[in-house]
Amino acid sequence: VWTSSLTWYAGYFWLAWELPSVENTKFTLYKSADLLTWTGAFTNLFDTDTYGALYAPEWTVGITPPSLICALGTNGAAPNTAGRVYEMHPLNADMNSWSAPVLIYGPAANAHADAMVALVGSTYHLLARRHTNGGVIDTIIHGTASSLTGTYTIDGVADWAGWGTNSLEGPSLAQLPDNSWCFYATRTPIGVANVERSVTFDNFATWSQTNNVRGATTASPSDQ
């Protein structure tokens, strides 16, 4: 299991993931009513001549039914060299039939991965990891749109949130009971991966400094 993401829909928990391979061309779904017993639900394959490999399927937040946001390579390439962000959504409650991928963001000049979308009020917020400097530097970008598939206006680049400008992967968002939002990501300096968190109380306008999540330090990076 690699870059997994969990959501709740139609009476089940749904777990989506990709296989840990640069040639991966599918995402897999499992479902559970109790988080203890899981059954396979669906495996979606892609035309690799068109899309290349798939990275990091991530459920949308605040949208019913949920969609999956992922990075797909273009023209057979991997997302870490030519990745763009796509949306796919289930066509029925059993999630065994899915739409074709729809491009929502990704200029050809940059590679993108680890993307997710959250709906806050009537605004869709996109977070994604952008590779720059040949993939050496990873930053989290932010954009907004009035619809899930965009067009997204990118208004957060470089150190827009005060999280730093390198080594961030796997952004994830959770809304807390006080209506604030908590951002989680993995920071991956050489030899260690720390899960970090940051909080916003004003719908993504300003963020707290990141701090480590205790007990979530690993020897290798993975999405959380």
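**Strand pairs and side chains**

Modeller: Start with strand E15 (residues 193-200): 7 of its 8 residues are buried, so the rest of the structure largely encloses it. Buried means under 20% relative accessible area, exposed means over 50%, and partly exposed lies in between, using a 1.4 Å probe and protein chains only. A strand is a DSSP run of E with at least two residues, and strands are numbered from the N terminus. This is a predicted model, so local features need pLDDT of at least 70 and side-chain atom pairs count only at pLDDT 80 or more, while totals for chains, interfaces and linings use all residues. Residues are numbered from 1 along each chain as its sequence is written, and side-chain values use heavy atoms, with hydrogens and water left out.

E15 has a partner. Strand E14 (residues 181-187) pairs with E15 in the antiparallel sense, over 7 bridges. Pairing requires DSSP to find at least two bridges between the strands. One facing couple is arginine 187 and asparagine 194, the latter in E15.

Now the start of the chain. Strand E2 (residues 12-18) has 5 of its 7 residues buried, so the rest of the structure largely encloses E2 too. Strand E1 (residues 2-9) runs antiparallel to E2, joined by 6 bridges. Serine 5 faces alanine 16 in E2. Between E1 and E2 lie 2 residues, and the two strands form a hairpin. In that turn, alanine 10 has a positive phi of about 55 degrees. E2 also pairs with strand E3 (residues 26-32), again antiparallel, through 6 bridges. There, phenylalanine 13 has serine 32 of E3 as its bridge partner.

The charged end of lysine 31 sits over the ring of tyrosine 12, 4.5 Å from the ring centre. That label needs NZ of Lys or CZ of Arg within 6 Å of the ring centre and within 35 degrees of the ring normal.

Next, the aromatics. There are 12 aromatic pairs. Rings of Phe, Tyr and Trp (its six-membered ring) pair if their centres lie within 6.5 Å; planes under 30 degrees apart are stacked, over 60 edge-to-face, and the rest tilted. Tryptophan 59 and tryptophan 98 have ring centres 6.1 Å apart and planes at 40 degrees, so their pair is tilted. This pair links distant parts of the chain, 39 residues apart: tryptophan 59 is in strand E5 (residues 54-59), and tryptophan 98 is in the loop between strand E7 (83-88) and strand E8 (102-105). Tryptophan 59 is buried at 2% relative accessible area. Tryptophan 98 is buried as well, at 11%.

Tryptophan 160 and tryptophan 163 pair edge-to-face, 5.1 Å centre to centre with 70 degrees between the planes. Tryptophan 160 is partly exposed at 23%, whereas tryptophan 163 is buried at 4%.

Arginine 130 lies in strand E10 (residues 123-132) and is buried, at 14%. Its side chain makes a polar contact with the side chain of histidine 112, at 3.4 Å. Such a contact is a pair of N or O atoms within 3.5 Å; within protein, one must be able to donate a hydrogen and the other to accept it, and residues adjacent in sequence count only if both atoms are side-chain atoms.

Last, the cysteines. Cysteine 70 is buried at 0% relative accessible area, and cysteine 182 is buried at 0%. A disulfide is a pair of cysteine sulfur atoms within 2.5 Å. By that rule the count is 0 disulfides.

Terms used. Helices (H or I, at least four residues) and strands (E, at least two) are DSSP runs, numbered from the N terminus.
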